[in-house]
Amino acid sequence: MSALLDGIARRIGACASEDPGVAAVFKFDAGQDGVLLLDTTAQPATVSTTDRQADCTMKIAAPFLMMAVDGRVPVGAAFMKFVRGVQGPPGLAVKIQPFLRKVAANGKA
Amino acid sequence: MDTIAPQDPSVSADRLDGFVHKFVKNAWYVCAQAREIEHAPLGRRILNTPILLYRTSAGKVVALHDVCPHRFMPMSKGRLVGDNIRCTYHGSLFDPTGQCVEIPSQDSIPPKCFLRAYPVVERKNWVWIWMGDPAKADPSLIPGANYLGFGHEDYSTVDHKYRVVKGRYGLCNENLIDDTHISFLHLGQFESGGRVHTMPEVSQEGPWIRSRWFDEHEKISPFFHMLFDVDYEIAPRALVGHFHPPATHVVWIEMYNPKTPSEKPRVLRVALAFTPETETTTHWFWAESRNFHQKDPAWDAFATDTSWAIQDQDFYAIEAIEALLQQGTELPEEVSFKADAGIMRARRVMNQIIRAESGQ
């Protein structure tokens with residue numbers, strides 16, 4: 001796992017008690033950097049870097065995912081520009097964005 | 001790539017010092033989003049004319065010249081007294097028709113002491129103003145609100161915060177009419193780059209320019225998978241653009257299910273209005289409506305984030321060209337391509353309108 005993914009996991013984990021608004025397992029596939037799993041079916045949500053089956057997988061490089069969760073790029077714009085593929089219901093990739101905006105806002109606070 | 005010469009020989013000559021920044025006065029322009037106008041003065045420059053906008057206590061929108069005839073103080077710096085506006089400099093008071101009704105320092109009111117009033121029409125999300133001859137201000141010329149996507153029962157709308165682009169409105173018009181920039185300026189976001197190989201059908205009805213691009217074989221981009229919430233790798237889809245000179249556009253994308261192509265498609269409809277602020281800056285109004293995931297806040301937020309990112313890319317090109325034009329750079333002779341058919345038609349129509357208005 002890359003230090004970058006570790007940092008992303010910490011940022012998301014800090015908001016685990018927030019209502020994610022959607023219940024599913026999300027995988028962010030960062031290629032050689034590894035994967036980040038966000039499970040919002042759990043209460044509170046869990047974050048890990050251990051690979052497993054997901055409902056929705058998004059291919060996105062770790063530096064770009066970091067830009068989304070640290071608020072440098074609006075989450076929707078980051079998904080538009082940097083998500084290179086979606087496996088599973090693509091709508092889930094939109095439904096998780098409000099939660100990631102909370103993560104980004106928390107990081108700015 | 002093949003090239004074509006402009007059919008109208010005056011087009012190239014007009015390109016830089018002609019219609020691109022000349023104003024059409026006898027036309028309806030969007031001056032504000034309805035939500036921007038409150039019972040408080042709002043100043044906005046339209047066609048290089050300062051305009052005061054406010055809403056009366058009954059909710060009616062008022063548009064007046066934003067210059068006090070006494071000593072030229074912007075009236076938008078003043079305050080409302082009931083439904084009248086008082087100049088903050090010497091206290092002159094004007095009613096919603098622009099007539100001066102009080103001068104604190106004297107009893108008589110000179111006949112020339114008034115603010116010009118402009119015809120203004122509020123239609124759902126947008127407020128339209130007529131800057132030319134008031135006798136010609138026919139509200140039926142305003143594109144229908146449903147057609148723009150506002151208030152349509154099958155659609156929900158995100159009316160994005162308006163912005164000002166540092167470029168003349170002609171550049172904004174051409175950016176919208178031009179499909180082929182999508183494959184480069186917005187690389188990878190809307191499609192996989194194949195659009196440049198498919199020519200749009202361009203037609204004209206009166207002054208309206210219409211283009212329709214259709215492809216059954218183009219791969220769907222990840223962005224469109226998410227935005228339209230579809231998982232097809234390839235699907236029939238159309239990009240339709242309508243230009244209503246001088247400054248209003250409606251474009252929409254129809255996404256068909258490849259398994260059931262006769263079903264109603266998912267449609268994303270974008271209404272845009274490019275109202276000249278000055279000769280070289282433009283108010284950019286953009287509203288998106290969709291017939292899927294109606295009123296879903298996750299899609300509303302996604303639309304907001306992505307529209308700003310897309311606009312940033314368009315602004316980048318428009319402002320770079322505008323800066324170059326303003327530097328007085330020596331330019332090569334302009335070359336147009338076959339794919340510019342819509343733009344060339346639009347230029348001819350704009351030239352005709354401007355010449356007719358100026359009596360040439």
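**Exercise 1.** Is W126(B) buried or exposed?

*Solution.* The model is a predicted one.
Step 1. Count its surroundings. There are 28 other C-beta atoms within 10 Å of W126(B).
Step 2. Apply the cut-off. A residue is buried if 20 or more other C-beta atoms lie within 10 Å of its own. W126(B) is therefore buried.
Step 3. Look for its partners. Setting aside neighbours within four places in sequence, W126(B) is in contact with V30(B), Q33(B), A34(B), A273(B) and F285(B).

**Exercise 2.** Find how helices α1(A) and α2(A) are oriented to each other, and which residues make their contact.

*Solution.* Step 1. Locate the helices: α1 covers residues 3-13 of chain A, and α2 covers residues 62-69 of chain A.
Step 1. Read the geometry. They pack at an angle of about 25°, and their axes are 9 Å apart.
Step 2. Classify the angle. Angles under 35 degrees count as roughly parallel, so α1(A) and α2(A) are roughly parallel to each other. Their crossing is left-handed.
Step 3. List the contact. From α1(A) come L4(A), L5(A), G7(A), I8(A), R11(A) and I12(A). From α2(A) come A62(A), P63(A), L65(A), M66(A) and V69(A).
Step 4. Sort these residues: nine are nonpolar, one is polar and one is charged.

**Exercise 3.** Which residues of α1(A) are buried, and which exposed residues does the opposite face carry?

*Solution.* Step 1. The buried residues of α1(A) are L5(A), I8(A), R11(A) and I12(A).
Step 1. These cover an arc of only 120° around the axis, so they lie on the same side of α1(A).
Step 2. Turn to the face away from that buried side. A3(A) and R10(A) are the exposed residues there.

**Exercise 4.** Describe the backbone at P44(A), P246(B), N48(B) and K124(B).

*Solution.* Step 1. Most residues other than glycine have a negative phi, and most peptide bonds are trans.
Step 1. Check the peptide bonds. The bond from Q43(A) to P44(A) is cis, with omega near -5°. The bond joining P245(B) and P246(B) is cis, with omega about 10°.
Step 2. P44(A) is in the loop between β2 (35-39) and β3 (46-48) of chain A. P246(B) is in the loop between β16 (237-244) and β17 (248-255) of chain B.
Step 3. Check phi. N48(B) is not a glycine, but its phi is positive, about 65°. K124(B) is not a glycine either, and its phi is positive, about 55°.
Step 4. N48(B) has 13 C-beta neighbours inside 10 Å, so N48(B) counts as partly exposed. K124(B) has 17 other C-beta atoms within 10 Å and is partly exposed.

Technical notes. Residues numbered from 1 in each chain as written. Chains lettered and ligands numbered in written order. Predicted model: local features only at pLDDT ≥ 70, side-chain atom pairs only at ≥ 80, totals over all residues. Axes fitted to C-alpha atoms, helices over the stretch in contact; angles between N-to-C directions. Helix = DSSP H or I, 4+ residues; strand = E, 2+ residues; numbered from the N terminus. Parallel < 35°, antiparallel > 145°, perpendicular 65-115°, else oblique. Left-handed = near helix turned anticlockwise from the far one by under 90°. Contact = placed C-beta atoms within 7 Å. Nonpolar A, V, L, I, M, F, W, Y, C, P; charged D, E, K, R; others polar. Buried ≥ 20, exposed ≤ 12 C-beta atoms within 10 Å, placed from the backbone. Arc of directions from axis to C-beta.
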